[in-house]
Amino acid sequence: MSSDTTSRLPCYFISHGGPTLVIDYKNDEYKFYQQWGNKVLKEIKPKAIVVISAHWQAIGEIRVGKFEGETPIIYDFGGFAEELYRQKYHSKGSPELADKIIDLLKKAEFKVTADTTRGLDHGVWVPLKVAIPEPKDLPIVQVSLTRQASYEYNVKVGRALASLRDEGILVIGSGMMVHNLRDTFSRFNRETNTFSRDVLPYTIPFERDLDKILIDSKGEEREKQLIKMIDHPLLRQAHPTDEHFVPIHVAAGAARQDPGKKIFESCFGGMSWGVVEFCASE
């Protein structure tokens, strides 16, 4: 990587929540993504955006979305209001960037394949639609996770993508800091059609331990501690499965030595919307 950190873009771990984010105009999460999108466009000014989302898990390999023109979106959710299935997001791909990503991952000895059929899932288009409603000429490329891959594997994926940041490309891991849907939905009130805003006992303690790793350490030490989270006593309450957790590992791998900073937090039930920025200048 370049030794000049002044031109290196930050990278992020974001919590994307459900598809209702795009219509929850009064919620703090919606307002945060509007503000963050303004920063991305006016201050960070990336040449392209690469997103690793919880909702694309390839089997035995990594897949990279490769589209020449507009990238389709997919409605990978069920049981929501019809309005959400009418949402559109007009963004373009970048075959050149997709090929670059594939090359970087192959050099790091990952098995990787281009994908020309799967559109952006809601872990990508939902937060970005709020943040950047009209991406226009800003390419967005999605990279998959690998199903059941280890925490160390996902850190190494992030390391392989880290050099993109020196080329004006924004790297984002999209998941949730805490993600227990079953516990959260068990607190849904059907009479009022609302969730209880009470926070379950494991949510904040787990997030605080994760904060200590992401913010108080960096580089290899941060990566080692994230890998050791497999033994955390609250892990399987906070994340019954790993897909929303490991985008954190990818983002931390891409961050390398850059310190982390918590820039947003919102919790209810067994869910946490923590967002972390990794930036050399901070």
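How many cavities of 30 Å³ or more does the structure hold? The structure holds one. A cavity here is a set of points on a 1 Å grid over the protein atoms alone where a 1.4 Å probe fits but cannot get out.

This is a predicted model, where local features need pLDDT of at least 70, side-chain atom pairs count only at pLDDT 80 or more, and totals for chains, interfaces and linings use all residues. Residues are numbered from 1 along each chain as its sequence is written, and side-chain values use heavy atoms, with hydrogens and water left out.

**The cavity**

The largest cavity has a volume of about 60 Å³, the space filled by probe spheres set on the points. Its lining has 13 residues; lining residues have an atom within 4 Å of a point. G65, F67, T71, L120 and Q142 lie nearest the centre. Strand β7 (residues 140–146) gives the most to this lining, with three residues. Strands are DSSP runs of E with at least two residues, and helices are runs of H or I with at least four.

**A helix pair**

Helix α7 (residues 219–228) packs against helix α9 (residues 246–255) at about 165°, with axes 10 Å apart. The two are therefore roughly antiparallel, a term for angles over 145 degrees. R222, E223, L226 and I227 in α7 meet I248, H249, A252, G253 and A255 in α9. Contact means heavy atoms within 4.5 Å.

**Residue classes**

| Site | Nonpolar | Polar | Charged |
|---|---|---|---|
| Lining of the largest cavity | five residues | six residues | two residues |
| Contact of α7 with α9 | five residues | two residues | two residues |

Asp, Glu, Lys and Arg count as charged; Ala, Val, Leu, Ile, Met, Phe, Trp, Tyr, Cys and Pro as nonpolar; the others, Gly among them, as polar.

Notes:
On a 1 Å grid over the protein atoms alone, a cavity is a set of points where a 1.4 Å probe fits but cannot get out, and a pocket is an open set with protein on both sides within 12 Å along at least five of seven lines; lining residues have an atom within 4 Å of a point. Axes are lines fitted to C-alpha atoms, for helices over the stretch in contact, and angles run from 0 to 180 degrees between N-to-C directions. Angles under 35 degrees count as roughly parallel, over 145 as roughly antiparallel, 65 to 115 as roughly perpendicular and the rest as oblique.
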